[in-house]
Amino acid sequence: FGLVVVNLLNRINGDATADAASWAAGARLNDEAEIVHFFVSAFASLDLRSTSIAISGSSGSTGPDATTSSIVAKNRRPAPILAEALSKVTSIGMWQSMPARYRDLQLKKSAMLRRRWGAWKKSTEEMDDDSDDDKAGDDSLVSYLPHLVDTIFAIVEDQAIWRDGAGDGGVADGTDEPMQIDDGAADDDDESEDDTDDEGEPAQPDPQQARSRRSGDDHSRRIRPQFALLNRGLELLADLLLLPPARRHVRPYLLSKNFAVRLSLSAPYLPPTSLTPAGRLFRQLHAMLAEAINFGYDDATGTSLTDEEVASRLHERAHILQKLCHRHYADSASDIIYSGVARVCDSAFLKKNLDLLELSTLEDLCRRLRLVDDKDVVTLIDDGGASSRSSDERPRLRSYLTSVLLHHHTYTPTGSSILTSLPLYPDETLLWNPHLVPPGHIGRHSTPVLALPKLNVSFLTNADYLLRSFKLLRLESAYGIRSDLVDVIKRMRPAMKRSYDDAGYAGDAVMEVDRGSSSSAWDKTTFQGWARMGIEIAEPVRLRKVSQPHLGKRIPAEVIAEVTIDLKHCGEHIKKEWDELGEFDNLFLVSIDASRMSGEPAPIMETHERPGRWNGQARRVPDEEDVTFPRRFGVTAVRGCMVLEVRDQKGTVLTDPARAWQSPEDGEHKTDKGPKGTKRILRVSLDAAQYALDATGKGSPAGTGVYETLNLVVRRHGRENNFKAVLETIRSMLEGTGSVHRSIPQWLQPTLLGVGDPASASYESRNMREFARKTAGVTSLDAALDYGDTFLDEVHLRGSFPGCNVIVDGAEDEKKECDAVDRRRYQIRVTGDSTSGRTVEATSYPHPEGLPGNPVRFTPRQVEAIRSGLSPGLTLIVGPPGTGKTDVAVQIIANLYRSFPTQRTVLITHSNAALNDLFEKVMARGDVDERYLLRLGSGERDLKTVS
């Protein structure tokens, strides 16, 4: 694969003297995008070594071959030639393309980097004696990322590419028509012939879609290769910045080129191109790249940086800026010099003072700070700009220099601060964003770029892992929420109705007053259908409480509202389901304005074989995956909330846990405590972060008035609706990232982050032996462990340690099998190693009467898994169904309970059924008192226990 990449790069590069501008203007951009895609896939597939205990066989058998098991050490490494090629792509050799002054500054900071740079220079000198083909291949790989960066710059700064689209309706009008920017080649088949609708009838032409298609097809087809390469390139660079071995070289190079700053001033980042779906995707990828660059991580030491440490480093750079201004620009930059570093790091203050400086002063300041070089200045001079440097006739250069200084000296939000202000419930902009919540109809031949984080095999820090998990879980839940909302909205069938009765709630109503009479006409949204999981709001949503923010926070501490629904049109079964709404259930409030419904059909689906065709008929995008669904059905807002309490029409709290539900029975006189009336008042907690966005106009143009337009409540099944609790847990862990570091042992962190050898977490490793020796309270591997009733008899005990010298109660002679009456328990101490021979010393003690104990005859491999579970370290038990994994886990739990009676053991599973299975087997053993067992979660009702 490495040779293929080298040959492909050499073929595409062609003439070595070709510059990036001509390269970008060529017809090979799609080929280059494919190579970038290859590198994205190759780096994502890098895996580290993993060690696991694999069990195979059947634990229920009783024969000699009942359960066979083996310890499997899997070393997953890429092919050597591919690994070598990938390491050269991200090596320090790319720094040869870095400005010399900036490179010298970086090398002065770290002795490790100086050694690496010297070793690379020495290797390049030795390669001069090699063949020309080998040298050309290595040069292509080492210079690939600098070449990719130069190509991206050439594309975004070529005004001829983007200038033609300034007046193009398909690019600048800001409509929601999706622009196809997949990295595959464009399919130019004519969609106008033989178009049919879903029922096979000739489809009526849509004037709006036809006009948009005619106005945007030419330009979108022309810039498709450019966007494909730009998006793939940003995806690759963002992935490399989050890969620990590559970050220490890639990040300084991108900073030396001011990569993120130059892209933020480019044509695809700015209007009118940024108003298109393709432009929005480019901005989202740019934001993801900038976040990766500014992530709190020390590239030299590979350690996480707290928010305080990040701020301290920023203050150091601001202090250098102040000293430099004091030395050379004391008169013109006095406000910067004599202000505190915290104020200098404020973007508004620093920009205000930088705008007062002359352009020549600004340029000289950036050079002295080694942030720009002459090449950047020459490149960024506007075409046709004056050559004078004493005026502002070059606004592009001034904007660039100002942005560079702001980028290096001002605060940027950290991951934890971003999540604090991020709503947990998805709104309408997130639900129907095709680049964040992608549709599911993408063909297998199409590989679009998505602005999504990836759960790769390695992470920078625990905060990096939690941050990516939060974003992906939030988007994954949004995908299911969108499908449920679309289903309910379609079933409710919203429509416009004019009413002259001004009493009652009119929803999204528009009132017209007849001056000749006293009557008022209301145009309101009504629902002509019904849905099991949705119901119309009877009265406008009322905000009851907005608490002040906590100290140091910017969002309200709590936002309480009341939602009123009427169940008079619901059947008894549906009414019962709504009455079963409980505390902490999540609901979604939707605002639908039928007057904004476009009535358009869903757009035609584009397939790889032929756009919009399937067996001769037009295929349309499913409604649950159609990004134009809000415009078609008039959806203007979606807000999530959590139920606090439910009251009936008489004010009785129906969600009170102490309230006993009783109904009249035969022969008994009891008071019916069922809900009164048909109206239900839901007291809900709104998303405080979303409310803060709405209050500032960032969430909805209507501000907080958007809550008065909500006219539909949608509920979901409980199993699918537990995302909020998980997101809140991750966010709370991120807010106190230091506690995560303290909770996870030091020996386990490298393994969890994917940067350490998994074998170092094994109970027999030298690392774990050293950890047990130095840490108080941790059991040594050579200590005697209580195996309890793991072994059925002495024969079973001796057979579980093949190849070892087994001594039971001081005797080496083997005894015969014993019956259940004479059953014994054992404490076992294992000494020695596999090379010098192991000795197993077992001490027996009586088995308590009346307890059934362990009925499984464990195999030697299963016994080794139990020993691993009792020892310090990480134990992974892997095997297909029916191989005894649960029995081994139950035995480990029982042994841990006996060995460490004062400690707590937490059992976590992926499902209620798996946890109940473990719980029932532990209780069936009888050696763990029920008062020491606690089952959490809703699965307790399905637990089958005796008591």
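Trainee: Where is the place of Asp-809?

Mentor: Asp-809 belongs to a loop. Strands (E, at least two residues) and helices (H or I, at least four) are DSSP runs numbered from the N terminus. The loop holding Asp-809 lies between β18 and β19.

Trainee: What kind of model is this?

Mentor: Residues are numbered from 1 along each chain as its sequence is written, and side-chain values use heavy atoms, with hydrogens and water left out. Local features need pLDDT of at least 70, side-chain atom pairs count only at pLDDT 80 or more, and totals for chains, interfaces and linings use all residues; the model is predicted.

Trainee: What is phi of Asp-809 near?

Mentor: Most residues other than glycine have a negative phi. Asp-809 has a positive one. The value is near 55 degrees.

Trainee: Is Phe-584 buried or exposed?

Mentor: Phe-584 also has a positive phi, near 75 degrees. Its loop runs between α25 (572-579) and β11 (586-592). Buried means under 20% relative accessible area, exposed over 50%, partly exposed in between (1.4 Å probe, protein chains only). At 54%, Phe-584 therefore counts as exposed.

Trainee: Which residue is joined to Pro-271 by a cis peptide bond?

Mentor: Omega of this bond is about 5 degrees.

Trainee: Which strands are the edge strands of the four-stranded sheet?

Mentor: The order is β17-β19-β20-β18, in an open sheet with mixed pairing. Two strands pair if DSSP finds at least two bridges between them. Each edge strand pairs on one side only: these are β17 (785-788) and β18 (805-808).

Trainee: Which residue of β19 stands opposite Leu-785?

Mentor: Three bridges join β17 to β19 (residues 824-831). The two strands run antiparallel. Opposite Leu-785 stands Ile-828.

Trainee: What angle does α34 make with β17?

Mentor: Two helices pack on this sheet, both touching β17 and β19 (contact means heavy atoms within 4.5 Å): α33 (residues 860-870) and α34 (residues 885-899). Axes are lines fitted to C-alpha atoms, for helices over the stretch in contact, with angles from 0 to 180 degrees between N-to-C directions. For α33 the angle with β17 is about 135 degrees. For α34 it is about 125 degrees.

Trainee: Which strands stand at the edges of the seven-stranded sheet?

Mentor: The order is β8-β16-β11-β14-β15-β10-β9, with antiparallel pairing in an open sheet. Each edge strand has a single partner, so one side is left without a neighbour in the sheet. The edge strands are β8 (534-536) and β9 (542-546).

Trainee: In β10, what is the bridge partner of Lys-545?

Mentor: Four bridges join β9 to β10 (residues 559-566), and the strands run antiparallel. The partner of Lys-545 is Ile-560.

Trainee: What angle does α25 make with β16?

Mentor: α25 lies across β8, β10, β15 (679-686) and β16 (712-715). Its angle to β16 is about 80 degrees.
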